[in-house]
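Subject: Structure for you to look at, with notes

Dear colleague,

Please find below the sequence and structure that I am handing over to you.

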Amino acid sequence: MKILNERGLAHFANSGAPPDKEGYLHKKGELNKGFQKRWFVLKGNLLFYFEHKADREPIGVIILEGYTIELAEDTDNFTFMINFAGSGSRSYSLCAATQESMESWMKALSCAGYEYIKLMVSELQSQLEETSKNAEANLVSEAYKESKILGRIYNLESSPNSKADSKNKISKRGTLPAESKTRKNPFNNLDLSGENDPGDAFRAMPKVATVEIVTWSILGVKSFYEMHEFVRQQIEEYKNGACGAEGNS
């Protein structure tokens, strides 16, 4: 086939895009019916052929559309045909060196056309849609199963018999030791002497105004931070009361 846009096709043939397949084949000439060795490069649906592997420009290109790949008849060598539909269309005879090479080229050329790619895309889309439907159906099925399980659990927990059973189970459990049931506040018994003196914050506070001295446990103090905040508030109230008394006097 003659090259219509020689510069553009030559640039594409030598572009950095990796070829789908390349290698030597023997091509039967259109005028000269003998086979000439040519270097073939397949990129997409374009099959370029060069006189030599190192050549920069192809001597021809075959556009792979509306064609079929068939094994050549009446020959014992590894020859296959590229046939185009329509009367008067040219057929290309190509010969490989081995059976493996011939099969590899025939498979690669059969998958190069737009119609084949379109068919594969359509098939992939169908598979994707089927997978999505199956995934959605699985999610619905799992959600239904979980809802049934939750419904059974709710019914069991809300039934009178289940409540009675729960009470029986609790009563049958072993009781904890007596000492473990009693919680003691560590702030009630503090060692305020010697090296164990925790500081003034733990000492008893004198009565100020109407504030009564109470133990930490009655105040609900459970941590050092709570105790510190309580003491700070008491000091501020005491200072504010003292300042107010001086102002009135």
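The notes below cover confidence, the sheet, and the aromatic rings.

Please bear in mind that this is a predicted model, in which local features need pLDDT of at least 70 and side-chain atom pairs count only at pLDDT 80 or more, while totals for chains, interfaces and linings use all residues. Residues are numbered from 1 along each chain as its sequence is written, and side-chain values use heavy atoms, with hydrogens and water left out.

The average pLDDT (the predictor's confidence in each residue, from 0 to 100) is 76 for the protein chain, and 67% of the residues score at least 70. Over residues 207–213 pLDDT stays under 50, and for this stretch the model has eight contacts (heavy atoms within 4.5 Å) beyond four places in sequence. Where pLDDT is low, the predicted coordinates should not be read in detail.

The model contains an open sheet of seven strands in the order S4-S3-S2-S1-S7-S6-S5, with antiparallel pairing; strands are DSSP runs of E of at least two residues, helices are runs of H or I of at least four, both numbered from the N terminus, and two strands pair if DSSP finds at least two bridges between them. Strand S4 (60–63) and strand S5 (67–71) stand at the edges with a single partner strand each, so one side of each has no neighbour in the sheet. Within the sheet, strand S6 (residues 78–84) pairs with strand S7 (residues 92–96) in the antiparallel sense over five bridges, and phenylalanine 78 has alanine 96 in S7 as its bridge partner.

As for the rings, those of Phe, Tyr and Trp (its six-membered ring) pair if their centres lie within 6.5 Å, with planes under 30 degrees apart counted as stacked, over 60 as edge-to-face and the rest as tilted; by this rule there are six aromatic pairs. One of them joins phenylalanine 12 and phenylalanine 48, whose ring centres are 6.0 Å apart with the planes at 50°, so the pair is tilted. Phenylalanine 12 lies in helix H1 (residues 6–13) and phenylalanine 48 in strand S3 (residues 46–50), so this pair ties together parts that are 36 residues apart in sequence. Phenylalanine 12 is partly exposed, with a relative accessible area of 34%, whereas phenylalanine 48 is buried, at 0% (buried means under 20% relative accessible area, exposed over 50%, partly exposed in between, with a 1.4 Å probe and protein chains only).

Ring pairs also link Phe40, Tyr49 and Trp105 into a cluster.
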